[in-house]
Amino acid sequence: MTISVRRVAATAATAVLGAALAGCGGGAASDAGREARMGTPAASASGAPTASPHNGAPASPQPGAPQAGAPAKAPTLAPGPNGLTPVFERAKQQTDKTVALTFDADMTSDQGPRAAGGEHFDNPQLISTLRTLKVPSTVFMTGRWAEEYPDQTKSIGTDPNFEIANHSYSHHAFKSPCYGLPALDGAAARADVDRAFAAFRQAGAVNTVPYFRFPGGCYDDQALRALSTAKVTAVQWDVVSGDAFAKDADAVAEQVLAGVKPGSVVVMHCTRSAAPVTEEAVRKIVPELRGRGYRFVKVSELIGK
């Protein structure tokens with residue numbers, strides 16, 4: 001299928017994404033934060049990742065550490081200036097036609113009553129479609145989502161087609177202001193990350209990776225410093241899908257197709273109530289990009305290049 005590409009105004013897309021899910025897309029970084037993106041894969045000359053709490057062999061489980069039965073250890077980036085958490089947006093190797101579709105599984109710490117009332121923060125049909133289409137994907141999950149949907153978390157987190165990355169526990173902001181999200185201070189932010197990894201383990205997920213996505217995409221040097229001891233790589237994106245609260249799957253697909261370049265990271269959502277046309281858009285995006293010669297990969301493969 002060939003889909004014509006019509007441009008969607010970037011400002012409008014950011015506004016919609018900001019309104020949806022309290023701003024799960026489009027954040028600003030400081031100068032030092034931008035420099036943190038210059039980190040390189042923390043790998044030895046043989047190409048194997050260097051030892052860390054996430055890719056070494058600690059005596060006891062660390063936040064985000066691969067669990068028994070997990071696949072090969074995921075690469076991370078070296079720390080940025082002054083030890084700041086490194087930030088990844090797009091693969092440096094930009095000639096290989098690879099692209100990572102990423103899906104934010106959002107649920108805030110106070111949305112339990114809404115879920116109990118019937119609101120769907122999950123999207124099992126999307127996950128089924130990704131499996132059917134054989135699209136390796138990275139799901140950035142909040143710990144609260146994992147608690148609400150433990151069976152789905154385990155299913156995703158034991159499927160080699162997927163990897164689960166950390167999107168915080170509470171989906172509160174790590175920098176303020178950030179689309180009206182409540183803000184966490186440094187100590188609370190660090191604990192929030194640990195709590196999310198613990199929720200994944202509790203649900204039985206093993207395909208977890210030491211990657212973190214800031215709620216709203218909002219971060220600064222203070223946020224990067226607060227997470228430095230977590231030994232994670234912060235993962236942003238270079239393509240905003242505009243799927244949040246979208247009603248037109250074609251428009252979402254066309255926006256993605258207009259933005260994808262070799263090595264791109266696309267941000268989408270795995271939340272039926274707030275992103276109802278994502279699954280339909282994916283069914284349009286995948287064959288079109290494959291027709292253009294693209295190969296779908298998980299974020300860990302992009303970082304490992």
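Setting aside residues up to four places away in sequence, asparagine 166 touches Phe140, Met141, Val193, Ala196, Phe197, Phe200, Tyr211, Phe212 and Arg213. The model is predicted. Asparagine 166 belongs to strand 4, which covers residues 162-166. Its relative accessibility is 0%, so asparagine 166 counts as buried, the cut-off for that class being under 20%.

Threonine 142 sits in the loop that runs between strand 3 (137-141) and helix 5 (143-148). With a relative accessibility of 0%, threonine 142 is therefore classed as buried. Its contacts, leaving out neighbours within four places in sequence, are Ala105, Asp106, Met107, His167, Ser168, Tyr169, His171 and Phe200. Phe200 is also on the contact list of asparagine 166. Alanine 196, another contact of asparagine 166, lies 54 residues from threonine 142 along the chain, and the C-alpha atoms of threonine 142 and alanine 196 are 6.2 Å apart.

**Aromatic pairs**

The count of aromatic pairs is six. Two of them are tabulated here.

| Pair | Centre to centre | Angle between planes | Class |
|---|---|---|---|
| Tryptophan 145 and tyrosine 149 | 4.9 Å | 55 degrees | tilted |
| Phenylalanine 214 and tyrosine 219 | 5.2 Å | 15 degrees | stacked |

**Helix packing**

How are helix 4 and helix 10 oriented to each other? Helix 4 (residues 124-132) packs with helix 10 (residues 278-291) at about 15 degrees, and their axes are 9 Å apart. Angles under 35 degrees count as roughly parallel, and the two helices are therefore roughly parallel to each other. The crossing of helix 4 past helix 10 is right-handed. On the side of helix 4 the contact is made by Gln125, Leu126, Thr129 and Leu130, and on the side of helix 10 by Thr278, Glu279, Val282 and Arg283. Sorted by class, this contact comprises three nonpolar, three polar and two charged residues.

Definitions and conventions: Residues numbered from 1 in each chain as written. Predicted model: local features only at pLDDT ≥ 70, side-chain atom pairs only at ≥ 80, totals over all residues. Heavy atoms only, no water. Axes fitted to C-alpha atoms, helices over the stretch in contact; angles between N-to-C directions. Helix = DSSP H or I, 4+ residues; strand = E, 2+ residues; numbered from the N terminus. Parallel < 35°, antiparallel > 145°, perpendicular 65-115°, else oblique. Left-handed = near helix turned anticlockwise from the far one by under 90°. Contact = heavy atoms within 4.5 Å. Nonpolar A, V, L, I, M, F, W, Y, C, P; charged D, E, K, R; others polar. Phe/Tyr/Trp six-rings, centres within 6.5 Å; stacked < 30°, edge-to-face > 60°. Buried < 20%, exposed > 50% of the residue type's maximum accessible area, 1.4 Å probe, protein only.
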